[in-house]
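Here is a friendly walk through how two copies of a chain meet. Have the structure open as you read.

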There are 2 protein chains.
Amino acid sequence: MSVNWRYRFAFRTDGMKSSIIRELLKLTQDPDLISFAGGLPAPELFPVKEFEEASQKVLKEHGSKALQYSPTEGYMPFRELIAERMNRDGIPVSADQILITSGSQQALDLTGEVFLDPGDTVLLERPSYLGAIQAWAAYQVRFKGAEIDHEGVRIEAVEDALMTGPKLMYILPNFQNPGGTTLTLERRERLVELSEQFGVPIIEDDPYGALRYEGESLPPIAAIDARSNGESLEHVIYLGTFSKILAPGLRLGWVAAKPEVLRYYIQAKQGQDLHTSILTQMVAYEVSRNGFLDRHIQRIREVYGERRNLMLDAMKRYFPEGVTWTAPQGGLFLWATLPDGMDTEPLFKQAIQEKVAFVPGYVFYAPEIGREPLRNSMRLNFSNARPEQIEEGIRRLGRAIEKMTR
Amino acid sequence: MSVNWRYRFAFRTDGMKSSIIRELLKLTQDPDLISFAGGLPAPELFPVKEFEEASQKVLKEHGSKALQYSPTEGYMPFRELIAERMNRDGIPVSADQILITSGSQQALDLTGEVFLDPGDTVLLERPSYLGAIQAWAAYQVRFKGAEIDHEGVRIEAVEDALMTGPKLMYILPNFQNPGGTTLTLERRERLVELSEQFGVPIIEDDPYGALRYEGESLPPIAAIDARSNGESLEHVIYLGTFSKILAPGLRLGWVAAKPEVLRYYIQAKQGQDLHTSILTQMVAYEVSRNGFLDRHIQRIREVYGERRNLMLDAMKRYFPEGVTWTAPQGGLFLWATLPDGMDTEPLFKQAIQEKVAFVPGYVFYAPEIGREPLRNSMRLNFSNARPEQIEEGIRRLGRAIEKMTR
């Protein structure tokens, strides 16, 4: 006899499957393939030199501290730097309202651990971020989607979805993943009102907010909440990350919440991994301080803005008539939609033959009772590929679409 | 109206409370306090210079890779190094059976996510590691303890506990935390037999195995399993960590399991934090390779072995009659027991007044139906305090015990 492992696994493993993006990322090992699939930053922009200097400095000056156990909440100067940046964005928080997490993926998972019981409903945008869907599916919840249009999530759809009694609302206000849309100021204000009216908190996930290439910055939902309620983070939990503005390999993100809420995040994180690597936190702090992070973000914005323009331009030239797409004001992604009745899943296979990759849109639709994902969309990333690859990749993708249309 | 946060939290937060150790660690900010409370390595042994060189090398040679997203499974050369070390210990595994985790705390939490449904029972040693109890309590499980004696967990107690139908058995075979005991070879063999007989897998947690100061190394339970079953990891999931042999601040641990099991760990980790910091993994690999880790472990063993002896010697001199303790062959902790009827919780307050800290033993007892924790024991760490502090700290603690006895 032996262990019958299948009967040992928890129920929640039934729904666990490897992300299609993850499988796709494996495909991108082929050096000839041009990938618009992942959400990877441009590696040539990583401030490697600065990391070298910072890691030397941290280890020379605080070696023992950087290698020892440290508090779950995170490295205090790093939390202060984040609080300062949030204050600048109109969210009045102090450093002790911030918990450092292992990327914002952990912040999403902790959100599940703190809030979600099996059978709870999560209100989220339709489509929404795959990592959040994956993290919360493990908590055995239901999802209720509210459609997005070119101004972000539709308020009528949110009002409708609130009638299902969701535990929380998950919103990506800026350059949404995957839709690329930005929520208007008016809708942000309405969401705060709805949160107040229904008592349903907003999880504001803002990984791309700093990466705007055109138009005026809009205040985060948490800033509007603070303005209209006097007190900060009354209805909102704010998630941020260094993955897109510094380096994702570090796995550094954060949660900002009211102390009575953050307390549970801290305890949940303590059970999950005690704390995030203190060496990494100290080095990231050392790199970011003295205005470097702002200068670096400026550089990223220039490069990504250019790549976005290149991609939009190439799509005009190479995509057949009937294909439409969003022109995001920032972020990493745009969302293209093929004519009704087409399916980007077989297109994906065709595209791989042409040596170009994207993510079929259907994967970004959370499972919902009685609703099927739209199948004629796709997400395209424009931050990772080099300019000449963008041109060539879109040309290949246009060819693949044409082959499918015939 | 506003968000009523209390009614938003998940049921599992009811049981969440901050670890007493964590609160204690906050106390240890007082520079005059001598702490035997935490499980901290000696910071003066951290190979800071080697980390400086390694981080330079990694960033210079592979900067882009070290800062970019990377596979959930971990950095392949690092996994290979771990597999090689496990093979040396008699556990035949390949690198693809190893998942890098953010400390072994994450491996414990992932074990909960993969295996534990609410209401499941976990068989564990009594007392056992607090971090495991904390991580699994969040999965809303029951605990069934099997007492340890000076030879490790009692087999009769395990047999008895197996009758409760536990989902898994959690065993710390070497220099157990908190008991300091080492499981005999015969009992290890019996555990494998019992796992086979009852179909209940063993989670073997081995953070201290390499830190032996006297006696002969015993094969890991996973090695015995491999030997007796032909195939590796048939009944055992093995957890390891770099926290005690290199540096805990890095948060680097691992899980080794059969591919069909590891698959779920990988998917669960993907939802939790995508991957562990790749920079940290690459630097730790660079530091560890070419035999450095073995030489470094040798150095740790010398220093900690000496501190253990110092502490044992001081206890003989300063502890009043009637106090007994374990003389662990390795690891970081010893376990002292006061006469029946005494309580180490009020003693703790007395000790703080004398400016010495320990962890009261009752915190290491998982909540169990109809059973109360023993209250007359305490855990003492001997790795972190310097030799002169050990002498002075035990003197203070002896005084505190005497005051309580009167």
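The two copies meet through the same surface, because 100% of the interface residues of chain B are also interface residues in chain A. This is a predicted model, in which local features need pLDDT of at least 70, side-chain atom pairs count only at pLDDT 80 or more, and totals for chains, interfaces and linings use all residues. Residues are numbered from 1 along each chain as its sequence is written, while chains are lettered from A and ligands numbered from 1 in the order in which they are written.

The contact takes 75 residues from chain A and 74 residues from chain B; two residues are in contact if their C-beta atoms, placed from the backbone, lie within 7 Å. On the side of chain B that touches chain A, H2(B) gives the most, with eleven residues. Helices here are DSSP runs (H or I, at least four residues), numbered from the N terminus.

A rotation of 180° with 0.0 Å of shift along its axis superposes chain B on chain A, with an RMSD of 0.0 Å. That is the relation of a two-fold axis.

Now for the helix pair H2(A) and H2(B):

| Feature of the pair | Value |
|---|---|
| Packing angle, H2(A) and H2(B) | about 150° |
| Axis separation, H2(A) and H2(B) | 9 Å |

That makes H2(A) roughly antiparallel to H2(B) (angles over 145 degrees count as such). Among the residues that meet are Phe51(A) and Leu59(A) in H2(A), and Phe51(B) and Leu59(B) in H2(B).

Methods. Helix = DSSP H or I, 4+ residues; strand = E, 2+ residues; numbered from the N terminus. Least-squares fit on C-alpha atoms with pLDDT ≥ 70 in both. Axes fitted to C-alpha atoms, helices over the stretch in contact; angles between N-to-C directions. Parallel < 35°, antiparallel > 145°, perpendicular 65-115°, else oblique.
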